[in-house]
Amino acid sequence: MISRREFLQASVAASALYGASGVGNWARLAAQQVLTQDQLLQFDAFGNITLVHITDIHAQLKPIWFREPEINIGVGDVKGVPPHVTGADFIKQFNLKPGSPEAYALTYEDFTSLGKAYGKMGGMDRVATVVKSIRADRPEAIILDGGDTWHGSMTSLLTKGQDMVNVMNQLGTEAMTSHWEWTFGTERVKEIVDGLPFPFLGQNIFDKEWDEPAFDPYTWFERGGSKVAVIGQAFPYMPIANPGWMFPEYSFGIRDERMQEMVDEVRAAGADLVVVLSHNGFDVDRKMASRVTGIDVILTGHTHDAIPEPVLVGETILIASGSHGKYVSRVDLDVRDGKMMGFRHKLIPIFSDVITPDPEMAALIDAERAPYKDQLEEVIGTTDSLLYRRGNFNGTWDDLICNAMLSERDAEIVMSPGVRWGASVMPGENITREDIYNATSMTYPNCYRTEMTGEFLNVILEDVADNLFNVDPYYQQGGDMVRVGGMGYAIDVNATMGSRISNMTHLKTGEAIDPARTYTVAGWASVNEGTEGPPIWDVVEAHIRKIGTVKLEPNTSVTVTGA
């Protein structure tokens, strides 16, 4: 008798072979550039249940440039396996064609030149077109939002997330989970949640005072003759990675033992399909899938990974849908006798020049942006360099921000957070105020200036490195290495805590960082309450206005071994 796992393995193989994952169908269209909307959306309906997943939009309403990471290092058991594969290795592993649309969408290879051919990606009006198309084919499709939705742009900051709330409501979202949403603070989150027409899920969010669940752990759908349970998993490290004083009433955590309880509970209540809508990050979800039994599908988010094929862990499939509105995942499932017996999956790329904007959503987006249009579009300077973020170490956006702090805050050494959000800007383009906010729009933006010893700088780097390169995913708390300016260092990603960082160097003098010496340090995005200083976007804007045109040299200040 064929086992259920063999059915699922066959589904993964089918995705890779005939293009249900989206690769085989549209890859072959590259040379002629004859991509069409019908081809991008083509999908042979399968089974009786359809899931639609979008995550980590980071409030990007309009089409954007977004360069995928050049460096995404895996350690321990996940070294060299998706999502820790980039560039040419990614192209080879997934049998893509260099220079093709999917190579442009999924890797950093030749990003600038291919961008000229294939254009921007994303745009929530294009996403709406895709969702409506899927709904036309499968009226009972379940639309799920993986979080990091309300945060990441100038308009979301100015409206406290309301622009994205309005857009996601119109999209037809049916459940969501959360992360950066919480940086608007408890009061604002509760205000929005009280008005949502769909559940805000988090089985792992607890009321601190009473140590009891604070939000719905799961929700139910009756679709395709089956009962579907969707369990929410919010970002587990909120009070560590973000300012806990903004949401002091709540505790988070992975809570995989409770996740098992929730899975058992919904199974006992008759769930035929169990879906986890997660913001854990891919490697954390991979480990959770190995520890918690009975989950059919994990729709993973947080780490912004775009993987064109599902990853199978036991009898659980992990779906990664990228970020910034670049992709929508469609998953069709064959659910029979209370079991998922097979699936088809497609990571749909949102090529904004190919997919027709949905008129209703386009009108809503324009209305949301209208009060701020002049501010958004004001040109601050130009760039000769590609500005990008997203990678384990400094990107050019990070270098620009660090240079701004060095100059405007008169600091010897600067530090910038290793966040994974932020749209790119192409060489030769104007830098608008909106572009700056796309890379800096936090609710705790103050650019501080302080003093730190060389020893303390080392402690910071070691702490962040352990967060990123700990071999146990449950000790990885998200994000990438803190970005530094004015200082170089070496890192061995395979070393143990406290011994990864070496050769810390003051770049201006060429001298080794002295553990006992005090340095003037600037930074931003401190999680400490009461941090003082100008908002980072003002610092960056002043710097760009001063230099006029941005031109960045390659950053060779960090030496990486063990990757």
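This is a predicted model: local features need pLDDT of at least 70, side-chain atom pairs count only at pLDDT 80 or more; totals for chains, interfaces and linings use all residues.
## Thr 159

Thr 159 sits in the loop between helix H8 (154-158) and helix H9 (162-171). Its relative accessible area is 15%. Buried means under 20%, so Thr 159 counts as buried.

A polar atom of the Thr 159 side chain lies 2.8 Å from the backbone oxygen of Thr 155. Beyond neighbours within four places in sequence, Thr 159 is in contact with Arg 188 and Tyr 372.

## Salt bridges across the chain

The whole structure holds 32 salt bridges. One of them joins Asp 466 and Arg 500, with the closest N and O atoms 2.9 Å apart. This pair links distant parts of the chain, 34 residues apart. Asp 466 belongs to helix H18 (residues 454-469). Arg 500 lies in the loop between strand E20 (487-492) and strand E21 (501-506). Asp 466 is buried at 15% relative accessibility. Arg 500 is buried too, at 5%.

Arg 449 and Asp 410 also meet through their side chains, at 3.8 Å from N to O. Arg 449 is in strand E18 (residues 448-453) and Asp 410 is in the loop between helix H16 (396-408) and strand E16 (413-416), so the bridge ties together parts 39 residues apart in sequence. Arg 449 is partly exposed, with a relative accessible area of 43%. Asp 410 is exposed, at 57%.

## A buried pair and a network

Asp 125 and Arg 126 form a salt bridge at 3.2 Å, N to O. Both residues are buried.

Asp 137, Arg 138, Arg 330 and Asp 332 are connected in a salt-bridge network.

Conventions
Residues are numbered from 1 along each chain as its sequence is written. Side-chain values use heavy atoms; hydrogens and water are left out. Helices (H or I, at least four residues) and strands (E, at least two) are DSSP runs, numbered from the N terminus. Buried means under 20% relative accessible area, exposed over 50%, partly exposed in between (1.4 Å probe, protein chains only). A polar contact is a pair of N or O atoms within 3.5 Å; within protein, one must be able to donate a hydrogen and the other to accept it, and residues adjacent in sequence count only if both atoms are side-chain atoms. Contact means heavy atoms within 4.5 Å. A salt bridge is a side-chain nitrogen of Lys or Arg within 4 Å of a carboxyl oxygen of Asp or Glu.
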